[in-house]
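Here is a friendly briefing to read alongside the sequence and the model. Please keep both open as you go.

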Amino acid sequence: MCTVTYIPTPAGFYFTSSRDEKASRDTLSPALYVNDGIQLVYPKDALAGGTWIASSLDGKTTCLLNGAFVNHVKKESYSRSRGLILLESFKYSDANDLYNSIDLENVEPFTLLLLDYTSGDLKAFDEFRWDGENKHLKKIDTATPQIWSSATLYNPTVQQKREGLFKQWINKHIDFVDAMILDFHNRKHGLASSEDLLMKGEGDLMTLSISQIHFNEGEALFNYHDIIQNKLHTVKLNQKEVVHV
């Protein structure tokens, strides 16, 4: 939800999302759900019923970050949660269809990252932002490692610091494995506690979990590390079933 990295590999990619949220907000571990007739695997926010990352069995993943480009003034109420918007996004054929069709009246600003690997390769990677008034859509370079930080928690200066850390880390490595990337997300890098990759903010706001999609030679794994419980859930995604390993 709040920090996302994308790392291409010769046979696919790693897509990893850290969730920075209040520890008192309950979360359900990844499971299979059917939304609008589409089978999706995702961890669920117990309060709003939505999620910050979900994968379909036919090869699509969508991830949410709060905010668009900069932090915004929060209204007292909105028409529906952003986590439900993420689930709704799977109804659209692609990012352009989403951009042209979805009604976002009175929806809080957000950023969606949409990956389509239904063909066996990553054929589309799009960034869709809603700033509260306008939609913004752009193509992402699938050959370049990238990092995103939530605009509601990390101002542009902090985002640049995090981008610098990520580039330094990328430049020190050649090959990547699951544990290595999880370790990057799951440790401190010398920033202030509220700005670091493994963050701790005011009250019980902290990094709660790390979700990762590893797409490799046509196979996709959904790894979910519950930091609070120190448990790792791994779900194998394929065309017909979900297998927990």
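The notes below go through the sheet, the salt bridges, the aromatic rings and a few loop residues.

This is a predicted model, in which local features need pLDDT of at least 70 and side-chain atom pairs count only at pLDDT 80 or more, while totals for chains, interfaces and linings use all residues. Residues are numbered from 1 along each chain as its sequence is written, and side-chain values use heavy atoms, with hydrogens and water left out. Helices (H or I, at least four residues) and strands (E, at least two) are DSSP runs, numbered from the N terminus.

**The sheet and its helix**

- Seven strands form an open sheet in the order S3-S4-S5-S6-S7-S8-S9, with antiparallel pairing; two strands pair if DSSP finds at least two bridges between them.
- At the edges stand strand S3 (27-35) and strand S9 (135-139), and each has a single partner strand, so one side of each lacks a neighbour in the sheet.
- On average, neighbouring strands of this sheet are turned by 15° against each other, direction ignored.
- Helix H1 packs on the sheet and touches S3, S4, strand S5 (53-56), S6 and S7, where contact means heavy atoms within 4.5 Å.
- The direction of H1 makes about 160° with that of S6; axes are lines fitted to C-alpha atoms, for helices over the stretch in contact, and angles run from 0 to 180 degrees between N-to-C directions.
- S7 and strand S8 (residues 124-130) run antiparallel and are joined by seven bridges.
- Thr111 has Arg129 in S8 as its bridge partner.

**Salt bridges**

- There are nine salt bridges, each defined as a side-chain nitrogen of Lys or Arg within 4 Å of a carboxyl oxygen of Asp or Glu.
- Asp45 and Arg19 form one of them, with their closest N and O atoms 2.6 Å apart.
- This pair links distant parts of the chain, as Asp45 is in strand S4 (residues 38-45) and Arg19 in strand S2 (residues 12-22), 26 residues apart.
- Asp45 is buried at 5% relative accessibility, and Arg19 is buried at 1%; buried means under 20% relative accessible area, exposed over 50%, and partly exposed in between (1.4 Å probe, protein chains only).
- Arg19, Arg25 and Asp45 are linked in a network of salt bridges.
- Glu108 and Lys74 also meet through their side chains in a salt bridge, at 2.9 Å from N to O.
- That pair is 34 residues apart and again links distant parts of the chain: Glu108 is in the loop between helix H2 (95-101) and strand S7 (110-116), and Lys74 in the loop between strand S6 (60-66) and helix H1 (82-89).
- Glu108 is buried, at 8% relative accessibility, whereas Lys74 is exposed, at 56%.
- Glu127 and Arg129 make a salt bridge as well, at 2.9 Å from N to O; Glu127 is buried with a relative accessible area of 5%, and Arg129 is buried at 14%.

**Aromatic rings**

- The count comes to 14 aromatic pairs: rings of Phe, Tyr and Trp (its six-membered ring) pair if their centres lie within 6.5 Å, and planes under 30 degrees apart count as stacked, over 60 as edge-to-face and the rest as tilted.
- Phe110 and Phe128 have ring centres 6.0 Å apart and planes at 40°, so this pair is tilted.
- Phe110 belongs to strand S7 and Phe128 to strand S8, so the pair ties together parts that are 18 residues apart in sequence.
- Phe110 and Phe128 are both buried.
- A cluster joined by ring pairs contains Tyr6, Phe13, Phe15, Tyr117, Phe125, Trp148 and Phe215.
- The charged end of Arg162 sits over the ring of Tyr154, 3.7 Å from its centre, meaning here that NZ of Lys or CZ of Arg is within 6 Å of the ring centre and within 35 degrees of the ring normal.
- The charged end of Lys135 sits over the ring of Tyr99, 6.0 Å from its centre.

**Loop residues**

- Most residues other than glycine have a negative phi.
- Asn106 is not a glycine, yet has a positive phi of about 60°; Asn106 lies in the loop between H2 and S7 and is partly exposed, with a relative accessible area of 28%.
- Glu217 also has a positive phi, near 50°; Glu217 lies in the loop between S11 and strand S12 (219-226) and is exposed at 65% relative accessibility.
- Ala192 is in the loop between helix H4 (178-185) and strand S11 (205-216) and is partly exposed, with a relative accessible area of 39%.
- Ala192 and Ile174 are 18 residues apart in sequence and 28 Å apart in space, C-alpha to C-alpha.
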